[in-house]
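Let's take a walk through this structure together, going from the contact between chains to pairs and residues inside them. Please keep the viewer open as you read.

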There are 2 protein chains.
Amino acid sequence: MPVAPVAATALRPLAIGAAKITGGFWRERQEVNRTATIPAAGDRLEAAGTLRNLRRAAGREPVAEGFTGRPFADSDVYKWLEAVAWEQAREPDETFGCWQATTSSLVTAAQEPDGYLNTHVRLAVPGGRFNDLEKGHELYCAGHLLQAAVAQFRATGDRTLLTVAIRFADLLTDHFGPGRTEGIDGHPLIEMALVELYRVTGTRSYLELARYFVEARGYGLLVPPGHHGPAYFQDHLPVRAVRTLAGHAVRALYLASGATDVAIETGDTELLDALRATWRTMTESQTYLTGGVGSRWYGEAFGDPFELPPDAAYCETCAAIASVQWSWRLLLATGESQYADQIERTLYNAVISGVSLTGGEFFYVNTLRVRNDAYADDQRSAVAGRQPWYGTACCPPNVMRTLASLDQLLATSDESGLQLHLYAPATVRAELQGEPVGLEVTTRYPWQGNVTVTITESPREPWTLRLRLPAWAAGCSITVNGADEPTGPVGRAVPLHRSWQRGDQVVLDLPVRARRTVPDDRVDSVRGCVAIERGPLVYCFEQLDQPTGVVLDETAVVPGDLVETDRPDVLGGVTTVSVPARLRDGAETTLTAIPYYAWANRSVGPMTVWIDAR
Amino acid sequence: MPVAPVAATALRPLAIGAAKITGGFWRERQEVNRTATIPAAGDRLEAAGTLRNLRRAAGREPVAEGFTGRPFADSDVYKWLEAVAWEQAREPDETFGCWQATTSSLVTAAQEPDGYLNTHVRLAVPGGRFNDLEKGHELYCAGHLLQAAVAQFRATGDRTLLTVAIRFADLLTDHFGPGRTEGIDGHPLIEMALVELYRVTGTRSYLELARYFVEARGYGLLVPPGHHGPAYFQDHLPVRAVRTLAGHAVRALYLASGATDVAIETGDTELLDALRATWRTMTESQTYLTGGVGSRWYGEAFGDPFELPPDAAYCETCAAIASVQWSWRLLLATGESQYADQIERTLYNAVISGVSLTGGEFFYVNTLRVRNDAYADDQRSAVAGRQPWYGTACCPPNVMRTLASLDQLLATSDESGLQLHLYAPATVRAELQGEPVGLEVTTRYPWQGNVTVTITESPREPWTLRLRLPAWAAGCSITVNGADEPTGPVGRAVPLHRSWQRGDQVVLDLPVRARRTVPDDRVDSVRGCVAIERGPLVYCFEQLDQPTGVVLDETAVVPGDLVETDRPDVLGGVTTVSVPARLRDGAETTLTAIPYYAWANRSVGPMTVWIDAR
């Protein structure tokens with residue numbers, strides 16, 4: 001998930017374990033992930049037959065045939081293994097170590113003698129290697145294997161999966177490319193995985209193959225089957241000609257992430273500039289307020305610019321995660337704070353909404369609206385609530401590996417100093433110019449805006465601490481050891497340059513107060529509406545918090561105070577926001593909003609992020 | 001398509017040929033249908049392999065195996081045969097007669113000895129009869145065979161297909177039902193077809209089987225595969241428990257039509273009342289301004305009430321046709337003018353939009369909006385324009401049979417007299433109380449609102465001529481032989497009761513003038529918008545009619561006169577409507593609208609029915 005570029009980048013990730021979230025909002029989510037979600041997922045991978053596929057392929061089951069699940073089932077195991085690995089970097093644990101050892105051993109045993117590994121092909125379509133690049137997901141599964149292997153090696157030093165990954169990658173570099181087999185996968189992912197494997201091993205052919213897989217798109221190597229056109233498979237245009245994303249959102253964003261990795265490592269500034277322009281179009285006109293992307297159920301696809309219907313939002317959890325991955329790469333490449341802003345928005349409102357507060361159920365689709373009279377058995381409008389698992393179970397383990405590796409997104413370094421991107425109770429220990437540097441962050445963010453950064457260790461030479469000022473944070477203030485410090489404009493990082501001493505304290509005060517957000521008037525589907533936000537959190541109105549008789553679809557908010565209430569008893573502890581409103585018959589009432597990520601944790605009913613304000 | 005109930009109904013269809021459209025708007029569409037569309041379709045059915053399937057099944061090809069197309073391909077031939085039959089009722093023709101004879105003979109030869117007939121099963125899944133009721137479409141194809149057979153018999157007296165249909169229907173009544181095989185088809189249609197076959201043959205077991213197929217739904221006889229839930233197959237609720245349509249729109253409306261036929265013939269007023277309530281919910285909250293239905297591409301499905309996004313409209317041509325079929329049955333059952341109003345709206349704006357002016361290309365999806373920056377290769381937004389044929393070619397022959405049988409929707413009779421439902425140059429010759437009655441209608445409707453009805457023959461006793469006053473026609477007037485006649489409220493039929501004499505003239509003057517239509521404020525996707533309508537026609541703004549620099553997505557209409565211009569040179573002759581507007585930068589301009597049915601006949605680009613009016 002997080003990456004470690006070899007080529008020079010504006011910002012550098014810290015070493016694994018250098019930044020640790022020690023408490024607060026994200027720590028709570030991480031603990032649920034570690035103690036509930038990941039352990040249960042092991043059982044679900046067993047119940048779904050996904051682990052049995054591997055045992056059969058490995059010859060460890062008496063019945064050595066028969067595949068269960070969708071062709072890409074192997075990838076669920078790999079993503080889970082990646083989460084298990086990152087958790088051990090957070091805190092080693094015997095049980096996690098045991099899962100890692102036994103499952104990695106199983107994966108090793110399932111690999112074929114020449115390095116190929118895919119249990120669906122092995123068990124269900126023998127002889128069918130690379131015969132169905134459109135829908136077979138073989139390189140997609142390979143990519144998740146490579147990512148898990150890199151994570152396992154980086155997080156624990158264990159080379160078990162890395163050995164498997166290298167053997168498979170060597171087979172791929174022998175098989176694919178100019179002068180060999182020309183082909184690309186219908187579901188991008190292999191691109192970024194190969195670049196990461198190159199970063200760990202130094203094997204340049206992996207980077208070359210990744211570049212080939214990026215550059216070969218847009219020339220019709222894939223034959224689109226069925227109802228979907230070539231954009232579904234990201235084969236409609238050469239990647240460097242794209243300026244507006246189209247087609248399947250997860251595919252588009254995994255490819256954009258991989259292309260960014262390739263651009264970074266090959267120094268391809270033309271490609272990087274194209275990707276940055278595309279990212280801007282996406283965030284300005286194809287992204288929901290939550291950070292979610294994917295405006296269409298049909299094809300799980302990006303919409304046209306400003307096509308952002310809240311009720312029809314697809315906003316797949318995986319697409320939000322992929323968006324974070326892409327923004328993270330662009331943040332490293334450019335150092336621009338806008339990418340970190342988008343990461344924060346997406347994590348709080350489009351990723352974490354994908355898992356229940358107890359960690360046991362998942363949304364595949366993160367809608368922004370459920371109507372009052374939504375059809376109760378609807379497969380589409382997510383009115384069924386979060387589910388324990390899915391036939392296509394890509395999202396659950398994707399959330400797991402994201403939370404397990406979240407510490408790595410907190411901070412980066414460059415030659416001038418350290419950059420804090422996310423605000424959470426945390427410790428950061430790194431090196432600047434060969435000398436140790438340490439920070440401790442205390443805060444109740446996102447519930448309160450006060451963030452205290454204490455220098456716990458510092459080089460003697462002056463250096464720069466950069467704190468991100470979110471775009472919504474106009475009016476924020478900073479003190480250093482009690483003295484006011486100018487902040488400059490928001491939507492960028494403020495540089496604090498000086499000789500830092502142990503014990504120095506920086507206090508950032510962000511205006512975490514409920515606010516009304518008005519949509520761009522080109523987003524026709526929410527004309528005349530407002531949304532409530534507070535700090536980085538997007539809010540929503542859920543039916544069960546409203547007075548009897550309120551029909552959310554027919555109620556408009558009116559001018560008046562937004563009243564904030566701390567409710568430690570509600571949804572694990574949230575701040576609610578109340579707003580005056582008017583019913584369709586003109587009667588006055590008060591609506592109450594909760595953070596969007598927490599909806600559908602008590603019951604599932606009508607809900608809306610945007611509400612009429614005419 | 002049109003039906004002839006046996007049980008008593010409020011209104012009775014006239015005999016085939018009793019009402020004839022003699023000129024004007026619909027006659028032009030019918031001539032294109034007859035001279036271009038239907039002949040070309042024969043070639044396309046050949047090119048697509050659809051007729052070859054029948055030849056192979058009939059043993060008339062040396063290669064007697066191998067199926068081409070989708071499992072339901074046979075139904076395309078049957079719908080085309082139905083159109084061919086209705087055309088011969090309009091005007092006998094040697095070529096049409098030849099097509100009918102040769103193709104009916106081929107269908108006869110393809111039938112298996114026991115009466116079964118389905119070339120997909122015969123050629124592609126031998127031994128697979130009724131093994132895949134969810135997706136196999138066997139009863140769906142059977143239904144289209146039965147409908148074609150009934151049409152052929154009614155229109156031409158030819159019993160060739162009827163013989164085939166009866167043999168197949170006898171097999172079905174032996175096979176399906178309580179105590180035999182319990183099962184229903186994943187795609188409803190057989191229900192209404194069996195009732196029609198009952199009406200022609202008097203064989204009550206066909207009606208009983210139709211009733212069984214209606215009543216057996218909602219109890220989980222089908223196993224929903226893949227992503228779609230039971231509503232997709234109309235197996236989510238017992239039909240008489242439904243009050244809001246859900247799932248696949250064409251399936252829902254074919255079933256509703258069949259259930260209405262069953263209710264009529266069995267005198268089941270409880271079922272009829274349920275269907276009428278469901279129709280009301282559909283037209284009040286699930287139908288686009290055009291009469292089109294289906295708010296979701298995903299599952300080609302009805303949306304929740306008031307979920308009517310113009311850009312994401314599916315509005316399949318077949319769904320509009322199915323809506324007309326259902327409204328026609330309810331019109332006969334109840335005599336209520338609202339059903340005829342909906343038929344007119346749907347025919348002019350959601351059915352006829354499905355075929356190009358030249359008759360050679362078809363829309364499957366009838367969107368209400370294409371954005372300025374719609375992704376050019378989009379499979380979804382219909383920006384590719386009408387296509388000559390489709391892999392799933394249900395819509396083209398559905399349009400053909402609808403236009404070919406349109407005369408039959410013009411007028412009905414009851415004990416009191418005649419009812420005119422659609423206004424077109426026409427002659428009507430029928431009988432009242434055993435005596436001949438005749439009308440001649442002259443009009444330039446829908447372009448002008450003047451409709452002259454001349455009595456050409458009349459019984460001596462007084463009788464009632466009923467003229468439908470469309471709901472939009474407030475301000476209309478009527479004269480009888482030059483003397484004013486009160487109209488009463490619109491949205492109903494005005495009864496003109498008297499002793500009519502040959503030569504009596506009724507002049508109905510409908511206020512066909514451009515008007516602005518404001519949406520229900522619960523339709524959030526078009527908040528703040530207006531649409532232009534004129535008479536029964538919905539208008540749209542197509543990019544190529546606008547001044548340079550106009551971006552429709554960013555332009556708002558402003559108060560001011562709607563200027564009408566007759567343009568005989570444009571799109572086969574239309575009246576355009578111009579409206580003052582304001583660009584995003586505040587500059588003033590004028591937009592020009594054309595009738596929606598005619599869009600995408602010159603080029604395909606941005607288009608919108610609803611436009612910002614804030």
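**Salt bridges, within and between chains**

Arg584(B) counts as partly exposed, at 45% relative accessibility; here buried means under 20% relative accessible area, exposed over 50%, and partly exposed in between (1.4 Å probe, protein chains only). Before going on, please note that this is a predicted model, in which local features need pLDDT of at least 70 and side-chain atom pairs count only at pLDDT 80 or more, while totals for chains, interfaces and linings use all residues. Residues are numbered from 1 along each chain as its sequence is written, chains are lettered from A and ligands numbered from 1 in the order in which they are written, and side-chain values use heavy atoms, with hydrogens and water left out.

What does Arg584(B) form a salt bridge with? The partner is Asp521(A), with the closest N and O atoms 3.0 Å apart. A salt bridge is a side-chain nitrogen of Lys or Arg within 4 Å of a carboxyl oxygen of Asp or Glu. Asp521(A) sits in the loop between strand 14 (514-517) and strand 15 (529-534) of chain A, and Arg584(B) in the loop between strand 21 (574-582) and strand 22 (588-595) of chain B, so the pair joins two chains. Helices (H or I, at least four residues) and strands (E, at least two) are DSSP runs, numbered from the N terminus. Asp521(A) is partly exposed too, with a relative accessible area of 42%.

Now to the contact as a whole. Chain B contributes 35 residues and chain A 35 residues, contact meaning heavy atoms within 4.5 Å. Together the two chains bury about 3,400 Å², 45% of it on carbon and sulfur atoms; buried area is the accessible area (1.4 Å probe) that two parts lose on being put together, summed over both. Tyr298(B), Tyr375(B) and Arg527(B) supply 19% of the area that chain B buries against chain A, more than any other three residues. There are ten salt bridges between chain B and chain A. Another pair to look at is Arg522(A) and Glu554(B), whose side chains meet in a salt bridge (3.9 Å, N to O).

Over all chains, the count comes to 96 salt bridges. In chain A, the side chains of Asp261(A) and Arg329(A) meet in one of 2.8 Å, N to O. Asp261(A) lies in helix 10 (residues 249-266) and Arg329(A) in helix 12 (residues 317-334) of chain A, so this pair ties together parts 68 residues apart in sequence. Both Asp261(A) and Arg329(A) are buried. Also in chain A, a network of salt bridges links Arg27(A), Glu31(A), Arg34(A), Glu87(A), Arg90(A) and Asp407(A).

Arg129(B) lies in the loop between helix 5 (119-124) and helix 6 (138-156), and Glu112(B) in the loop between helix 4 (94-110) and helix 5, so the pair ties together parts 17 residues apart in sequence. Arg129(B) is partly exposed at 29% relative accessibility, whereas Glu112(B) is buried at 15%.

Finally, turn to Leu194(B), in helix 8 (residues 190-201) of chain B. Leu194(B) is buried, with a relative accessible area of 0%. Leaving aside neighbours within four places in sequence, Leu194(B) is in contact with Leu146(B), Ala169(B), Tyr206(B), Leu209(B), Ala210(B) and Phe213(B).
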